[in-house]
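Here is a walk through a structure, from its sheet to its cores. Keep the view open while reading.

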Amino acid sequence: MALVALACLVFQFWMPSTHVAESDYRAVAKVLSEESKAGDVVLLHPWWTDRARMYLPDGLQVEGHLTSDTADFKRNARIWVVAEPHLPRAAMSRFLAQFSERRSEIGAPRDFGNLELRLFNNGRMVPLTFSAARQLADVAVSLRSPDGNRTPCRWDGSSHVCDFGQRVTVATHEVFYAPYRCLMMSAPGNGTSTEVELSPESVRGSQQMVLQFGLLGESGFQREDVSDAMFTLKVAEKEVTETLVAGDRAMHTLTLPIAPEGEPVRARLTVDKPGDRTFCVVLEGERSTQ
Amino acid sequence: MRQQRIDRRIALGLFALGFALLLATEGSVGFVRDESVYFYAGSAHARWVGTLFSDPVLAVSAASIDRDFAFNHEHPALMKTLFGISHAIFHDTLHWMRPAAAFRLPAFVLSALTLTLIYALARRRCGRIASVFAALTWLAVPRQFFHEHLACFDAPMAFMWLLVVWCWLKARDAPRYWLYTGLAFGAALATKLNAFFIPVALAPFGLWRVFLASKGKDEARRLAGAALGAPLFAMALIGGVFLVLGQASFLNAFEPLSGLSAILILGVGATCVFSAKLAAVDATTFRAVAPLVAMAVLGPLVFYVHWPWLWFHPIARVGEYVGFHLHHIDYPWMYLGQLLLAPPFPLAYVLAVTALTVPTSLFALMVLGTGSELLRLIRRRASEADAIILGMAAFSIALISLPSVPHFGGVKHWLPSMPFLGILAAYALERGAVGLAALVRGETRRAQGLRSVIPYALTSLVLLPAAIATARYFPYGTSYYSELAGGLPGAATLGMQRQYWANNVTGVLPWINANARPGERVYLHENHSGQVADYIANGMVRKDLQFVGSIRDADIVAYQYHQEFRDAEFQTWQLINPRPAFGLYVDETPQVIVYRRRSSRAAPAEGLAIPGGGLAKSSR
């Protein structure tokens, strides 16, 4: 017991020495402002070390959330890892072992007190060819009744406004603790779907379409008086469907290949009892990972 | 007698130490979400007490009672009334202290008394050093130390549980303590709902005691059975009627002059008569039976009398009180990377959280003490008192471990186990000290000196890391994690809940006071209007600021970092600013992050120095 107490005493005296000085954050910020390029992303390790956000250069994408250690960062060519390796349970070598898969480190790690800065080429990058969130005005939105009739929604300059109080707009929201820039949408219920349609021209050059969907924020906790939601991705005549069970807060993904010259694309949400839940929908075209 | 005098002085010293420490450190403890509600309810209850003195007839009218007790009637009135009276005396009348300190004063008294009771219970078996150690564990666990500051019910409930057990043990050989056991149980019922489980925890020990005491005494055993059986028979009959009639008809039928009331009165009357006969037949068996009977009779009586809210509608309102807690909502809670939302909860949750939130030097001793007492019990070497202490240490932890029981609220729901675990830790510490001393051979003066120093040195060594942690994490006690977790950073990586109850906002209030423009709109995320009003009333935040209820309406947002609230932070990034202006980062973990609207005048470039801030707080 004396040994346990001694170890605890050492821990209590050692813990403050793992803190990061403001000057070290500023030194890292200076390097990033001088050396970062458009499309770079900063990954925090451990994922919750958000204090760095206060110092990092404006405009630089910073990621640190519960699942960010394993994220692909498909849209980013390079990843800066800002790590605090001396923190308890930081497990830097284990993190690097899985993080480095299909990524190559550029140069040597740089130490700034208790901060460590590393730069990686992101071999998991997949170029984006189309984003419904970025090009919201270019998509067509309609309500589709169970008999197949479509009622087009009206573009008001910032969102698509539909009957039954439905609105499709863009915002950054949380799904399973991670931020997504997504289409916020719901469906009127009773079998009527909300459908997003892309023209072949808008997705030309893409090799696959990706539909991600999940429930937004705290509304995702709702399980009672709501029904499961069905998401469908359709490229020309090919179609895939997945059901999002009420209370399931994970982000789900559907993909379909698409001809490089472009094909019509539809993403559909059907939910009989939506309640007050809103869904986060990411619809993107990308070059194939193959 | 001299030994007793020394013990009394030590107990008094512990009380003074605890009370002074809590009072001296109270000023920096934030108001948890429930506490502001209890402040308000306490003031209303105290107003009623004032009416009772000025106009007793008016005070006991249904209208007066409803006016002052309807608010927050989901908890009994004892502690809230004490909070309110203390506030009326020490703040309103004497102006001796700020409002919050005056409200909290009764909680400090009970927590300080907890130290003395732990000492007294441990002293039954341990030496003075180990007994003092047992008492100090109540102060040296950071989360407990935090809860002891609050005008809430959890630390008082731990005291009440301890008090019942103390009286129960004394009742074996001291006259009248059976009566005090019943009164103490009534006070516990008047404190918090957990008290309903005290008889469940103690009954097996009580029945065993009755069995042993009445062995070979037929008449005594028959009377003991009748005394204990009468209230149970009455309750079974009433329960049967409830099942037959259903809730609504049952409540209508349970009038003061009804058959059901008659059953209840007959049951109570019969148990009193049989107990009196038993006292005349066999004093030993009576002493074994009496605490149980006193709890059954006096407990509900004290509970009813103390709470005017029940006076005119006892059955309906007790039903409502119990019903509220049976159907309490489950708040989201992070545990090992998973957000727990609804039962069934993981069986190991309570044990795991205890292991990760009690300083490891103390937790290791608690485990050792519990393990060795369990072995002694199995080998039938444990005394009745030790078996009870072991049982009480395990009971609340086992109860909250049930997968269907709500798991939010950190460690506070099983706080009544902790004083008993402290005593078990003291047993282990004392054995360890004896073992270490035995390693020192020889009878030289040096060897003797070394042997006499070992208990002090070992006790200090074990307490020191816990005391340092308590000081380092204060006043953010809900954020503390032990060495076993890897501290708070280790717990964050493990995916544990890093704070709860919204009190950590105090870490950013000085920055807001120093940097907000006059009249600026401030949103304190997860702090309700009662808390904001209390921060203003206690001079912790500027009066001129406008406190708003949403991110959209704010110029300054103090976001409380919880996983289930991340969407609020992402909205803040879009609506206010993606870059924090300031933050409370405890051992690097984000707790409360302040964002300032981009169009607002820039904050000062340099950080604000916060007195006593041993933890990292950053500003830009």
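The paragraphs below take the sheet, then the helix across it, then the nonpolar cores.

This is a predicted model: local features need pLDDT of at least 70, side-chain atom pairs count only at pLDDT 80 or more, and totals for chains, interfaces and linings use all residues. Residues are numbered from 1 along each chain as its sequence is written, while chains are lettered from A and ligands numbered from 1 in the order in which they are written.

Start in chain A. Five strands form an open sheet there, in the order β2-β1-β3-β5-β4 with mixed pairing. Helices (H or I, at least four residues) and strands (E, at least two) are DSSP runs, numbered from the N terminus. Two strands pair if DSSP finds at least two bridges between them. At the edges sit β2 (61-63) and β4 (103-112) of chain A, each pairing on one side only. From one strand to the next, the twist averages 20°.

Now look inside the sheet. Strands β1 (residues 41-45) and β3 (residues 78-83) of chain A run parallel, joined by five bridges. A:Val41 has A:Ile79 as its bridge partner in β3(A).

Turn to the cores. A nonpolar core is a set of buried Ala, Val, Leu, Ile, Met, Phe, Trp, Tyr and Cys residues joined through C-beta atoms within 7 Å. Buried means that 20 or more other C-beta atoms, placed from the backbone, lie within 10 Å of a residue's own. The largest core has 220 residues; B:Ile118, B:Ala134, B:Val164, B:Val289 and B:Leu424 touch the most other members. Helix α6 (residues 99-123) of chain B gives the most to this core, with 16 residues. A second, separate core of 37 residues includes A:Ala132 and A:Phe231.

Methods. A residue is buried if 20 or more other C-beta atoms lie within 10 Å of its own, exposed if 12 or fewer, and partly exposed in between; C-beta atoms are placed from the backbone. Axes are lines fitted to C-alpha atoms, for helices over the stretch in contact, and angles run from 0 to 180 degrees between N-to-C directions.
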